[in-house]
Amino acid sequence: NSSSVKEFILLGLSENQGVQKIYFVVFLLFYTLTVAGNLLIVLTVTSSRHLNSPMYFFLCHLSFVDICFSSVTAPQMISGFLVENNTISFAGCIGQLFGVHFFGCAEVFILTAMAYDRYVAICRPLHYPALMSHRLCGRMVGVSWAGGCLHAILQTLPTALLPFCGPNKVAHYFCDVQPLLHLACADTRAEGLAAAANSGVISLSCFLILVTSYVVILVSLRGQTLAGWHKALSTCGSHIIVVILYLGPSTFVYIRPSSDLSEDRSMAVFYTIITPMLNPFIYTLRNGEVRGAMRKLCRR
């Protein structure tokens, strides 16, 4: 790396000192809830003998990814509210960029695997045990992690190799491809398009797979009793909410070569902080089995 920039300054969400103190309290609370809530789900699922279906296996991995995903961006951002200049080293910045895309992409793939699980459970209930074997679920999660890693390498490597010689103020609260491309001392149009295509293709194709799986599920429910509808929708409802909250904003940010970074920042708060915090609530509030297992765990 021939660049002269040794560190970057993250501009964060606001320049206003008063607002920053409020943000500090709010986001510290959000982050604490994210780690505590998701950790509780991981512990509940791994310690309960009853929660051994594929749905909970995926949920456990989703919660683990959420803890990691939030931890890549939130602590740096929260500590930044208290200091004058929120600096991050060049290596730290590239590491953060890798982490955001690695865990973010793994989350998209795990959500897609969960949709397939729901599809099989509702549309092929008799074949469910055969189709969703432990081995297949393990492979799906393995592929999700590997896919996330490959995607992160493809996003990080071209950015890390760019020359950075001038301004070092990143117009974001974490290092991401577009804000860094704005700072590079080179023509980055090709890298910008490649990054948008890579992230855009992944989020859009997974989004379409998810939507299609739900359309198929709804079509297959025609002629069902009201109870059948209710059961199917209650298992899918929480998943649909999470998909909209997570994939909606992230698709919006990554599918277009970015011009307005402040818009991206406010959108990014959704998928890096708010959705990981809400996941445990969304999944436990609608699920009696998880709530029961949590109670047992707390009693112990």
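1. H2 passes H5 in a right-handed crossing (a crossing is right-handed if the near helix is turned clockwise from the far one by less than a right angle, and left-handed if anticlockwise). H2 covers residues 54–80 and H5 covers residues 134–160. Helices here are DSSP runs of H or I with at least four residues, numbered from the N terminus.

2. A note on the basis of these values: this is a predicted model, in which local features need pLDDT of at least 70 and side-chain atom pairs count only at pLDDT 80 or more, while totals for chains, interfaces and linings use all residues. Residues are numbered from 1 along each chain as its sequence is written, and side-chain values use heavy atoms, with hydrogens and water left out.

3. The axes of H2 and H5 come within 10 Å and cross at roughly 20 degrees; axes are lines fitted to C-alpha atoms, for helices over the stretch in contact, and angles run from 0 to 180 degrees between N-to-C directions. The two helices are therefore roughly parallel to each other (angles under 35 degrees count as roughly parallel, over 145 as roughly antiparallel).

4. On the H2 side, Pro54, Phe57, Phe58, His61, Phe64 and Val65 make the contact, and they meet Cys137, Gly138, Met140, Val141 and Trp145 of H5. Contact means heavy atoms within 4.5 Å. By class, this contact has 9 nonpolar, 2 polar and no charged residues. Ala, Val, Leu, Ile, Met, Phe, Trp, Tyr, Cys and Pro count as nonpolar, Asp, Glu, Lys and Arg as charged, and the others, Gly among them, as polar.

5. H2 also packs against H1 (residues 17–47), with axes that come within 9 Å and cross at roughly 155 degrees. H1 and H2 are therefore roughly antiparallel to each other. Their crossing is left-handed. The contact of H1 with H2 has 18 nonpolar, 8 polar and 1 charged residues.

6. H3 and H7 pack at about 15 degrees, with their axes 10 Å apart. That angle makes H3 roughly parallel to H7, and the crossing is left-handed. Residues in the contact include His101, Cys105, Val108 and Arg118 of H3, and Ser199, Cys206 and Tyr214 of H7. By class, the contact has 15 nonpolar, 5 polar and 1 charged residues.

7. The whole structure has 3 cavities of 30 Å³ or more. A cavity is a set of points, on a 1 Å grid over the protein atoms alone, where a 1.4 Å probe fits but cannot get out; lining residues have an atom within 4 Å of a point. The largest cavity holds about 160 Å³ of space, where a volume is the space filled by probe spheres set on the points, and grid points are joined across faces, edges and corners.

8. The largest cavity is lined by 14 residues, and the closest to its centre are Gly104, Cys105, Val108, His151 and Tyr254. Helices H3 (90–123), H7 (189–220) and H8 (226–254) each give two or more residues to this lining, and H3 gives the most, with 5 residues. By class, the lining has 8 nonpolar, 6 polar and no charged residues.

How values were computed
1 Å grid on protein atoms, 1.4 Å probe; cavity = no way out; pocket = protein on both sides within 12 Å on 5 of 7 lines; lining within 4 Å. Parallel < 35°, antiparallel > 145°, perpendicular 65-115°, else oblique.
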